[in-house]
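Load the model in your viewer and keep the selection panel open. The stops below go from one chain to the interface and then to the other chain.

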Amino acid sequence: MNTLYEIYQSLSVVERVLVFLVLAPVAGGFLAGLDRKLSARLQGRYGPPLRQPFFDVLKLFQKERILVNKFQNFSIVLFFLFTVFSGALFFAGADLLLTIFSLALAGTFLILGGFAVGSPYSHIGAEREMIQMVSYEPMVILMAVGMYQVTGSFNVAELAQHQQPLILYLPGVFAGFLYILTIKFRKSPFDLSMSHHAHQEIVRGITTEFSGPSLALIEITHWYENVLLLGMVYLFFGFNPWIAIAVCVATYLFEIFIDMNYARFKWQLTLASSWAFTAVAGVSNIIVLSMMK
Amino acid sequence: MAWFKRSPWVLHYNATSCNGCDTEVIVSLTPLYDLERFGIINTGNPKHADILLATGSVNEKSVQVLRNLYDQMPNPKAVVAVGLCAISGCVFQDCYNVMGGVDKVLPVDVYVPGCAARPEAIIDGVLKACDILEEKYAEQKRRRG
């Protein structure tokens, strides 16, 4: 049962980071391909091949690089670097809080990239991205707080090897995290700033002025981010690696299902509903937990 | 190896068309024809697009928009003229306000005939344009050395 942990513990920190850097985009790309294929099947279409996201990214790297100004590219490279950095921290087994904060910083650089250009579409996209961040960030912090309350540690390596199932202590926090995960995965009903669908609409806003290699970098960053988020889902079920991996896959399929079944919310509803859900599920769970101790 | 064949992203512009060809372009996205199985995405953004699908006879007003969209597309890029109006102006070719075809304004790579063009023909035209994109990419690479 614990062979996965033994393999993980036999690796040094540098090796763990290297494994993440190499495997995460591969896994993230295939997950994105699975998303597109499954979405197409659910809509009664045949859909693109599973490797399609890799074809897209490779093609984008062969396109001409059109930059509106140099700050645009600067922000996107930092968005990529900070997302990869937070993923590397997480999978090296470092501090969970630091991971969350550097992920928030990465998101900020994406917003700055959207604001760096003059296009009003890009500005609307960046504003919506900001609203999304305000919507999901409280729940992400609460997740770390809840995990600390149960285990007494922010260390990811310790959290993953905690022998008691975290999910039994944190069902509300998990439900809240699942809710904001829809925003983070950029799925309907919360895909306001960078949707996977509706390429002609304002919901592609933040990517309006990015072309070729910069757009490819945004896509690869999204893959890294998805793998990192599924890693966070893993922590809730860390007592048994196989159950945890199965839950990660189930979570991803569930998000695709939600994506296909809901129409897009307005930003007001996105903000209000995610905060309400955070308060009801997340905060109440943490209050109950603090009374139990 | 060039990857344009596996992932051609399309920008569609209606340059004074009667909407017949435009409807057919949209129809090719539906489950029956499903453009996406070839990796084709109908983007609404010239900066993301590889192929410009232009329909209609192009009048004095839309000619500026058409040129602007083409100029904003990153290289390598291809233009597909969809429908008879986009090829020659069709019944409108003698009108005082039309240019009479997309090729009077932009370098057209593929002509898709039909009034309106069939979805099968449009998909075929886009896939032909992919080959041209690959050639253009190879040419670009050779020139840079």
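Select chain A and colour by burial: 45% of its 293 residues are buried, a residue being buried if 20 or more other C-beta atoms, placed from the backbone, lie within 10 Å of its own. This is a predicted model, in which local features need pLDDT of at least 70 and side-chain atom pairs count only at pLDDT 80 or more, while totals for chains, interfaces and linings use all residues. Residues are numbered from 1 along each chain as its sequence is written, and chains are lettered from A and ligands numbered from 1 in the order in which they are written.

The chain has 12 helices and zero strands; helices (H or I, at least four residues) and strands (E, at least two) are DSSP runs, numbered from the N terminus. The radius of gyration of chain A, taken over C-alpha atoms, is 19 Å, close to the 19 Å from the globule rule (2.2 Å times the number of residues to the power 0.38), so the chain is as compact as a globular protein of that length. Along the principal axes, its C-alpha atoms fill a box of roughly 55 × 40 × 40 Å.

Next, select α6(A), residues 120-151, and α9(A), residues 171-184. These helices pack at about 145 degrees with axes 9 Å apart; axes are lines fitted to C-alpha atoms, for helices over the stretch in contact, and angles run from 0 to 180 degrees between N-to-C directions. Show side chains here: among the residues that meet are Tyr136(A) and Met139(A) from α6(A), and Phe177(A) and Ile180(A) from α9(A). Contact means C-beta atoms, placed from the backbone, within 7 Å.

Now bring in chain B. At the interface, 24 residues of chain A are in contact with 20 residues of chain B. On the chain A side, select helix α3, residues 52-62, which gives the most, with six residues.

Finally, select the open sheet of chain B, whose five strands are ordered β2-β1-β3-β4-β5 with parallel pairing; strands pair if DSSP finds at least two bridges between them. β2(B) (41-43) and β5(B) (110-112) stand at the edges with a single partner strand each, so one side of each lacks a neighbour in the sheet. Zoom in on β1(B), residues 9-14, joined to β2(B) by three bridges; there Leu11(B) stands opposite Thr43(B). Helix α4(B), residues 119-144, packs on this sheet, touching β1, β3, β4 and β5 of chain B.

Key. Contact = placed C-beta atoms within 7 Å. Buried ≥ 20, exposed ≤ 12 C-beta atoms within 10 Å, placed from the backbone.
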